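Student: I would like to go through the strands and the nonpolar cores of a model. Please have the coordinates open.

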Amino acid sequence: MSETSGGADFLLESRGVSRDLGAWVVGLAFGRDGSCGFGLGDGMVHVARPGQPAEAWAAAAAHDGAVLSLAADAKDGFLTGGDDGRLVRITPDGTVGEIARLGTMKWVEHVAAHESGLRAAAVGKQLHLFDAKGEALKTLAHPSAVGGIAFDARGKRVAASHYNGASLWFVAAKDGKPRVLEWKGSHAAIAISPDGTHVVTAMQENALHGWRLSDSQHMRMSGYPSKTRFLSFTARGKWLATSGADSVVIWPFFGGGPMGKAPTELAGGDGVLCSAVACHPQHEIVAAGFADGLVLLAEIASGKVVPVAAPGHGAVSAIGWNAAGTHLAFGTETGFAGMVDLSRR
Amino acid sequence: MAECRDMPAAAVPHAAPAPALTRPGPFAPRRRPSHIPGQPNPAPRSPRMSETTQVPVTVLTGYLGAGKTTLLNRILSENHGKKFAVVINEFGELGVDNDLVVDTDEEVFEMNNGCICCTVRGDLIRIIGGLMKRRGKFDGIIVETTGLADPAPVAQTFFADEDVKRATRLDAIVTLVDAKNLPARLADSKEAVEQIAFADIILLNKMDLVTEAEAEEVERRIRAINPYAEIRRSTKSDVPIDAVIGREAFDLKRILEREPEFLSGEDDHEHDGEINSLSFEVSRPIDPERFNAWISQLLANKGQDLLRTKGILYYANDDRRFAFQAVHMIADGDFIGPVKEGDPRRSKLVFIGRDLNRPVLRRGFEACQVDAEGTV
């Protein structure tokens, strides 16, 4: 491994590939086929395959404008929403196919998909659902603009955050009424715990709000110096890792927590905001990106930190793992993208 | 701008308390945010992009039929070589095909659990966040409000949201006025009055429909509400684009750097409406602590009725001038260049608002002066 100026060994240099993609990395995801899509602020999606050199990544012109949201599609490839009002599917080889046009001068701000074939796209107050073939299933209306969407692990429910709370819909329900989780204020990023028992949102006021669905118990997690954009549960839902503080803030969702419990803070201390987090798909390890471009892995139990990428390439704006947990990818606001191979050698 | 103290956004990001502080519910009743407007001695600013990278935002207000859409079409179709993102809310009226036009529903919400000074436009926060990710910079963003909109939430969005504040600056609130119909609107619409009260620049439009005498009367009515806005006459919204965009007319510090006499002039307007303006001048230097205590209290208690407050202050023992301004309860202040030779050093404060009590405000401001020599 090479020495860096900071003295730390960064895994990106020994086990990774990276490339300057030239525009804000708005989102990334590993597709269910194993490839990784980077959605950019110039409307492009770059598709990277583990093992490939970065020069070989496929490029697809997905949107006329910017990609606003990117998710792994139901079977393979990626789903993107753009500020051209389109919902688009990108195949692993970089072919672009339009699923729907959802409005002139409207933005498709959030997309999500479930392996069952369900796709969801939010435009303003509306959440459109599509099936595996791309046929429109239904449109779910909310009282105000949707700030974030999430499917539960089984794909039975979809949650959408908005002003004054979140709506939890049964996808297959006929009556078309959501369970409304109320809390005054503007809610954006949203996550459902892996066991489907909790919903957590990130609020405008630099705080999280949560609901325990069994008894509608409220949870309020505050003290963040900036907005939280990333909410990521560990595989079995024991911990919730969050961005928005100058450390990786991890709330315990066991033993009665997070009520009355303090969070665990990892990799803090140097006064730089954590801007993105993603929990490992199996182990209790969290990958985190910071506003100065630093990317690292932190083990929750021990607090041990492993540096992945050095600071200096822009604030980390996207981060994610492949399903096997062998590859980690990240992207930054200035368009730097990297992928690291963490598999045993 | 100063802040609701409940909003860590305005605090120094890296020094804020760790999330460990909090015990998630069951809850005690939420504490109401305290409003502490601008400190005469501004705290060190939190790290932010240099101002040159902030995209200027022009807010376009005006009653229905005043000519906003015509002006927007003109700005978008004119060959000025500039690139503007436009946020509209009345889809279909705009006849220009432009990929940077965003159609949105105005979504006003209260931050901090109902704090009025933190009423912001949620849709703008989302849209500006999205625009910043696009490749290629804009020369500006233009936000059109609906005819019935209160301009305050739009203005406050530029101070209440950390991301918006970092990426953009409010350039000017431009209000279009129908010269023929303004008297009727002032009589029947609270919003029409507020839009004039908030304006930095007023476009007196449809001049072809009025006589010179009528135009003068309308200007007199406008001046009675807001004597500090620049008034520009036009027909069919036909003004050079640089008359309304890139004006730096919102930020008092910038205005005073350009026009040192901006707030001067006697307060001799006739006041014939519920909303009007008052200005006060004092000759002795201002005690920063007294001023801060008084204005904090005033904005906290009366901020809902104080639409805009602007002032230029000469502090005791300081050779710089201080520019103070507030939108409702959100206040801001900054020192501007050294006092010039021969400057009479008279501090001035102007209020545009509703039900202003002249004697009370005068006494309050006068009491912010340092004690006169020879008194105890």
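This is a predicted model: local features need pLDDT of at least 70, side-chain atom pairs count only at pLDDT 80 or more; totals for chains, interfaces and linings use all residues.

Student: Which residue in the turn between S18(A) and S19(A) has a positive phi?

Tutor: Strands S18 (residues 208-212) and S19 (residues 217-221) of chain A run antiparallel and are joined by five bridges. A:Leu208 stands opposite A:Met221 in S19(A). The two strands form a hairpin with four residues between them, and the turn residue with a positive phi, of about 60°, is A:Ser216.

Student: Why is one side of S24 and of S27 in chain A left without a neighbour in the sheet?

Tutor: The open sheet has four strands in the order S24-S25-S26-S27 (chain A), with antiparallel pairing. Strand S24 (274-279) and strand S27 (305-309) of chain A lack a neighbour on one side because each stands at an edge, with a single partner strand.

Student: Which residue of S25(A) is the bridge partner of A:Cys279?

Tutor: S24(A) pairs with strand S25 (residues 285-290) of chain A over five bridges, in the antiparallel sense. In S25(A), the partner of A:Cys279 is A:Val286.

Student: How many residues has the largest nonpolar core?

Tutor: Residues with the most contacts inside this core include B:Phe158, B:Ile196 and B:Leu204. At least three residues come from each of domain 1 (51-250) and domain 2 (258-366) of chain B. Leaving aside neighbours within four places in sequence, B:Phe158 is in contact with residues including B:Val57, B:Leu124 and B:Leu170. The size of the largest nonpolar core is 68 residues.

Key
Residues are numbered from 1 along each chain as its sequence is written. Chains are lettered from A and ligands numbered from 1 in the order in which they are written. Side-chain values use heavy atoms; hydrogens and water are left out. Two strands pair if DSSP finds at least two bridges between them. A nonpolar core is a set of buried Ala, Val, Leu, Ile, Met, Phe, Trp, Tyr and Cys residues joined through side-chain atoms within 4.5 Å. Buried means under 20% relative accessible area, exposed over 50%, partly exposed in between (1.4 Å probe, protein chains only). Domain bounds come from an automatic or database domain assignment. Contact means heavy atoms within 4.5 Å.
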